[in-house]
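User: Please take me through the salt bridges and the domain interface of this model. I want each label set against its cut-off.

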Amino acid sequence: MTNGLIHRRDLLKAGSIGLIAGSATPVMAREPWMTGPGQPMSGSGESSRYVSLAREQVGAHAFGPGAGSSSSPLQHLNGTITPSRLHFERHHSGIPDIDPDKHRLTVHGAVRQPLRFSYADLLRYPQETHLYFLECSGNSYRNTLAEPQNQTAGELNGLVSGSEWTGIPLHYLLDEAGVTADAEWIVAEGADAAGLTRSVPLSRALDNVLVALYQNGEPLQPAQGFPVRLFVPGCEGNISVKWLQTIKVQAKPGYTRDETSKYTDLLQDGQAEMFTLQMEVKSVITSPSGRMRLPEHGVYDVSGIAWSGAGTIAKVEVSADGGKNWVTAALQSDARPLALTRFRIPWHWQGQSAVLLSRAFDDRGNIQPTREAALARYSSAVIYHYNGYQSWRVGKSGEVSNVYV
Ligand code: CO
C-alpha cells in the first residue's frame with residue numbers, strides 16, 4: 001500500500017535492517033593505515049581526500065561574472081548545518097575584499113542620534129546565537145519551467161542552506177540610535193559595488209533580526225558578508241544584506257532598484273506583489289536525489305530537509321507512489337523555528353517503479369502545496385517563492401530523475 005515505505009519501528013522490529021546491503025560485514029584485514037602513524041596535527045582541517053564536496057550551479061552573468069549564484073550540494077550533505085564554505089551564494093557584483101579596520105556601519109535617518117560603528121565596536125556588543133535557514137527567493141525556480149530538468153537536489157533546490165548565526169540583535173543598535181515616532185521601515189545597504197539595498201519593515205527589524213558577525217562559530221566568510229551582514233530569519237535571502245554599511249530608518253520603504261526590478265512578484269491578474277519577504281513551508285528529499293542511481297535492491301534511508309519562514313516544522317509526509325499514499329516521516333528531534341529540519345523514513349526498494357516526494361507541515365497550519373497549486377499563485381513569468389513538491393522518479397534499474405506529478 002505504501003510502495004515500500006516502512007515506519008522505523010517496524011524496520012527494527014522485523015530485523016530487516018540486514019536488508020541494507022553489506023551492513024554487517026566485519027573488517028578483518030589489516031589495512032595500510034593500521035600499520036603506522038598517520039599525518040600529524042595541522043593548523044586547519046579539511047575533508048578526507050576521498051570526499052569531494054563543492055558548490056553546484058556555479059553560474060555567472062554574461063555581462064558581469066560577479067553577478068550570479070551557486071548552490072549547496074544538498075544530496076551530499078546530512079544533518080541540518082551547511083558548512084560555511086558550501087553555503088549557497090547570490091551576489092550582484094561579486095565579493096568585495098573588505099578591510100574590517102576600515103569598514104563602518106552607519107545608522108541614520110529617522111533617529112534621534114545617528115551612530116557609526118567600527119567592526120571593533122560591534123564585536124563588543126552583546127550577541128546571540130541561533131540556528132536559521134537562509135533561502136534565496138529564486139530557489140527551485142527550475143521546477144517552474146515547463147519541462148522537468150534532469151538535475152540533482154542541489155542543482156534544483158540548493159539555494160537554501162542552514163547555519164548557526166551569531167550576531168547583535170538589531171534592536172540594540174536601533175534602540176541606541178532612538179528611532180523617531182514616524183519610523184516604519186529600515187533601508188539596508190551593502191558595501192559591494194552593486195550597493196545592494198533592501199527595505200525591511202521596522203516591526204520585523206525590531207523582532208529577531210541580527211547584525212551577524214559569525215557563521216558556524218567563525219567570523220563570516222567574505223562570500224557571506226564579511227565583516228558584517230544583516231540576517232533576517234525566515235525571509236528571502238536578498239534582504240539579509242551582506243557587507244552591511246548603512247541602515248537608514250525612514251517612514252516609507254526605499255522602493256530601491258533591488259526590490260522593484262527584482263524580488264517583486266507578478267500575479268495572474270497583472271498586479272504585482274512587493275515586499276513578499278517571508279519564505280513558505282517547503283521540503284525536499286535530498287537522498288535519493290536526481291542523477292543518483294540506487295546500486296541494488298534493499299532498504300534505503302529516504303531523507304531530506306524541511307523548513308518554514310512562518311514557524312517550526314511540525315510534520316513531514318513522504319510518498320513513494322507519486323502522492324497517492326503518504327506516510328509520516330521521523331523528524332530530527334530538535335526541530336526549531338526558522339531552521340532546517342531533517343526528516344527520514346526507511347524505504348524498501350525491490351525494483352518497483354516509484355515516485356518519491358515529500359510535503360511539509362508547519363506549526364502555523366501551513367501545508368506545502370502541489371506543484372500545480374504553487375504555480376497557480378503567480379504569473380508564469382515569476383520565478384520567486386516556488387515551494388511546490390520536488391518529486392523523484394526511481395526507474396527499474398535504480399536511476400533517479402526529476403519528474404513533475
Ligand atoms: Co519575495
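This is a predicted model: local features need pLDDT of at least 70, side-chain atom pairs count only at pLDDT 80 or more; totals for chains, interfaces and linings use all residues.

Analyst: Residues are numbered from 1 along each chain as its sequence is written, and side-chain values use heavy atoms, with hydrogens and water left out.

User: Which domains does the chain have, and how far apart are their centres?

Analyst: The assignment gives domain 1 (104-273) and domain 2 (282-403). Such bounds come from an automatic or database domain assignment. The C-alpha centres lie 28 Å apart.

User: How do you know that domain 1 and domain 2 are in contact?

Analyst: Contact means heavy atoms within 4.5 Å. By that rule, 36 residues of domain 1 are in contact with 32 residues of domain 2.

User: What area do domain 1 and domain 2 bury between them?

Analyst: About 2,700 Å², with 57% of it on carbon and sulfur atoms. Buried area is the accessible area (1.4 Å probe) that two parts lose on being put together, summed over both. Phe-133, Asn-143 and Thr-144 supply 19% of the area that domain 1 buries against domain 2, more than any other three residues.

User: Why is the pair Lys-282 and Glu-135 called a salt bridge?

Analyst: The term requires a side-chain nitrogen of Lys or Arg within 4 Å of a carboxyl oxygen of Asp or Glu. For Lys-282 and Glu-135 the closest N and O atoms are 2.8 Å apart, so the pair qualifies. The count between domain 1 and domain 2 is one salt bridge, and a search of the whole structure finds ten.

User: What makes Arg-55 and Glu-89 a link between parts of the chain?

Analyst: Their closest N and O atoms are 3.3 Å apart, in a salt bridge. Arg-55 lies in the loop between helix H1 (8-13) and strand S1 (68-70), and Glu-89 in strand S2 (residues 89-91), so the pair ties together parts that are 34 residues apart in sequence. Helices (H or I, at least four residues) and strands (E, at least two) are DSSP runs, numbered from the N terminus.

User: Why is Glu-89 called buried?

Analyst: Buried means under 20% relative accessible area, exposed over 50%, partly exposed in between (1.4 Å probe, protein chains only). Glu-89 has 13%, so Glu-89 is buried.

User: How do you know that Arg-198, Glu-236 and Glu-259 form one network?

Analyst: Arg-198 meets Glu-236 in a salt bridge at 3.1 Å, N to O. Arg-198 also forms a salt bridge with Glu-259, the closest N and O atoms being 3.0 Å apart. That pair links distant parts of the chain, with Arg-198 in strand S8 and Glu-259 in helix H6 (residues 257-260), 61 residues apart. Salt bridges that share partners join Arg-198, Glu-236 and Glu-259 into one network.

User: Are Arg-198, Glu-236 and Glu-259 buried or exposed?

Analyst: Arg-198 counts as buried at 0% relative accessibility. Glu-236 is buried at 0%, and Glu-259 is buried at 1%.

User: Where is Asp-192 found, and which residues does Asp-192 touch?

Analyst: Asp-192 is in the loop between strand S7 (185-190) and S8. Not counting residues up to four places away in sequence, Asp-192 touches Ser-93, Gly-94, Pro-96 and Trp-243. At 8% relative accessibility, Asp-192 counts as buried. Asp-192 and Asp-97 are 95 residues apart in sequence and 9.0 Å apart in space, C-alpha to C-alpha.
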